[in-house]
Amino acid sequence: MSNGRAEGERAGQAPLQLRCMIMRGGTSKGAYLMAADMPADPAARDDLVVRIVGSPDPRQIDGMGGAHSLTTKVAVVGPSLREDADVDYLFLQPSVAEAVVSDRQNCGNLLAGVGPFAVERGLVPATDGTTAVRIHMVNTASVATARFEVRGGSPVYSGATSISGVPGSAAPIRLEFEGIAGGSCGALLPTGNAVDVVAGVECTLIDNGMPVVVVRATDLGVSGYEDCEDLDANSSLRSALNQIRLVAGPLMNLGDVSTTTVPKVTIVAPPRAEGALCTRTFIPHRCHSSIGVLGAVSVATAARLADSPAASVSNLAETDTVVSIEHPTGTFEANVTVAFANDGSPLVRHAGIVRTARKLMDGMVFPRPST
Ligand code: NQM
């Protein structure tokens with residue numbers, strides 16, 4: 001295998017080709033690259049990434065991106081620098097429309113493919129049976145353990161588990177999170193409150209793996225059951241959401257968020273099907289066709305906080321361990337338990353989910369040359 005970094009750096013030019021696996025991870029799709037093949041300098045790395053995915057271009061016709069943020073994602077994986085993990089996973093979110101890459105957010109969907117990818121690339125031993133891979137999520141300095149089946153030295157991709165938003169079924173990948181609270185904002189509740197009034201609207205500003213602003217749909221003049229096209233076309237809603245985000249950013253210790261992908265905003269409404277609450281999530285401006293993994297974990301956690309907008313619309317019982325979140329294309333189940341200290345402050349006891357992933361293509365990628 002060629003080592004793209006070595007060739008590129010020696011010649012002072014972009015590498016001509018590098019190893020790349022395209023995987024569906026949960027309800028996202030992206031390029032999985034080896035850390036050893038990537039330039040060490042973040043600016044050179046990001047430049048390489050936009051040339052791989054074909055940004056900036058709404059169709060990404062000259063690259064591997066899928067012309068949508070959910071299908072234009074990159075996972076960079078290598079041996080872990082931490083003793084308590086097997087591999088390091090850096091998530092990179094390239095913009096479709098601009099030559100910009102963000103490392104400010106994590107992605108729990110691409111995370112689903114990281115364990116199998118690590119086995120495929122020999123980064124962890126391939127022992128038949130249930131394999132556990134400990135993944136250091138570099139973006140948020142936290143750890144997830146992925147458990148999945150390995151047979152004959154290879155990950156098993158086919159199976160009977162279905163997730164909303166993905167046709168058919170595949171093998172389950174169980175993900176357990178540790179220490180994800182406050183990974184981006186410094187605390188689960190960066191303001192110390194379960195409810196804040198932001199731009200005149202009651203919100204929960206929360207970070208249990210993903211910074212999210214949770215707002216009641218009716219407080220924004222919508223039901224929360226609209227489809228994404230209607231919400232995306234609603235300019236007064238979008239402007240209200242944008243205003244809330246801009247005020248929430250500094251309160252969440254994220255600074256000026258006018259050009260960043262976090263925080264996300266989730267509007268919540270009472271459940272319409274079998275779930276505990278209904279959601280529409282903006283990532284951060286377009287409506288998500290379902291809901292992000294860590295975004296869902298954050299919203300599920302918000303639903304555990306008495307009197308919060310999410311709790312006020314949810315039918316969650318204290319004894320329910322799984323929070324079933326309705327979204328535009330189905331439901332997402334997050335296993336989140338929270339304990340409360342004597343002063344009432346919440347402490348996340350457990351967060352876990354089940355996803356699936358599939359190897360779609362393995363080979364060499366040929367990035368667009370530098371201009
Ligand atoms: O929240 C979309 C997705 C995501 C992120 C986004 C994600 C997560 O659905 O963990 O997975 O929020 O931009 O892949």
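Q: Are Y32 and F117 buried or exposed?
A: Both count as buried in this predicted model. That label means each has under 20% relative accessible area.

Q: What makes Y32 and F117 an aromatic pair?
A: Their ring centres sit 5.6 Å apart, and the cut-off for a pair is within 6.5 Å, so the two rings qualify. A search of the whole structure turns up 1 aromatic pair, and Y32 with F117 is that pair.

Q: Why is the pair of Y32 and F117 called tilted?
A: The angle between the planes is 45°.

Q: Which parts does the pair of Y32 and F117 tie together?
A: Y32 belongs to strand β2 and F117 to helix α3, so the contact links parts 85 residues apart in sequence.

Q: How do you know that strand β7 is largely enclosed by the rest of the structure?
A: Count its buried residues: 7 of the 10 in β7 (residues 142-151) are buried, so the strand is largely enclosed.

Q: What makes β6 and β7 paired strands?
A: Pairing takes at least two bridges, and 9 bridges join these antiparallel strands, so they pass.

Note on methods:
Residues are numbered from 1 along each chain as its sequence is written. This is a predicted model: local features need pLDDT of at least 70, side-chain atom pairs count only at pLDDT 80 or more; totals for chains, interfaces and linings use all residues. Side-chain values use heavy atoms; hydrogens and water are left out. Buried means under 20% relative accessible area, exposed over 50%, partly exposed in between (1.4 Å probe, protein chains only). Helices (H or I, at least four residues) and strands (E, at least two) are DSSP runs, numbered from the N terminus. Rings of Phe, Tyr and Trp (its six-membered ring) pair if their centres lie within 6.5 Å; planes under 30 degrees apart count as stacked, over 60 as edge-to-face and the rest as tilted.
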